[in-house]
Amino acid sequence: MSNHNKNNLLICDACAAQTAQLKFMTRSYGRGIDLLIIEDVPVIVCQHCGESYMTAETMHEIAYKIHYKSLAIPKLVAVAAFA
Ligand SMILES: [Zn+2]
């Protein structure tokens, strides 16, 4: 990683200005019973053009979490007692 300077600003992928900052944000994915909230997602936010994006590595990690969340957490299925 070579794109750090003393102000910790990153080169923006969208506008190429060195005005982007890494922020940790809470993001939600899906809706209803498939809703998954992930805290402290590293998001790069550019103060120049307003773009916010995640690295491919971060998106891969999120896709992985969504996939395994769907396996690990049982769906909320209505169950009725027969007797
Ligand atoms: Zn930008």
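In which helix is the place of Tyr64? Tyr64 lies in helix H1, residues 56-72; helices here are DSSP runs (H or I) of at least four residues, strands are runs (E) of at least two, and both are numbered from the N terminus.

Colleagues, this is a predicted model, in which local features need pLDDT of at least 70, side-chain atom pairs count only at pLDDT 80 or more, and totals for chains, interfaces and linings use all residues. Residues are numbered from 1 along each chain as its sequence is written, and side-chain values use heavy atoms, without hydrogens and water.

Let me turn to the sheet. Three strands form an open, antiparallel sheet in the order E1-E2-E3, where pairing requires at least two DSSP bridges between two strands. Strands E1 (20-29) and E3 (52-53) stand at the edges with a single partner strand each, so one side of each has no neighbour in the sheet. E1 and E2 (residues 36-46) are joined by nine bridges; Lys23, for example, has Val43 in E2 as its bridge partner.

The largest nonpolar core has eight residues, including Tyr29, Val43, Met54 and Ile62. By core I mean buried Ala, Val, Leu, Ile, Met, Phe, Trp, Tyr and Cys residues joined through side-chain atoms within 4.5 Å, with buried meaning under 20% relative accessible area, exposed over 50%, and partly exposed in between (1.4 Å probe, protein chains only). E2 supplies the largest share of this core, five residues. A second, separate core of six residues includes Leu10, Cys12, Ile44 and Tyr53.

Finally, I return to Tyr64, which is partly exposed, with a relative accessible area of 46%.
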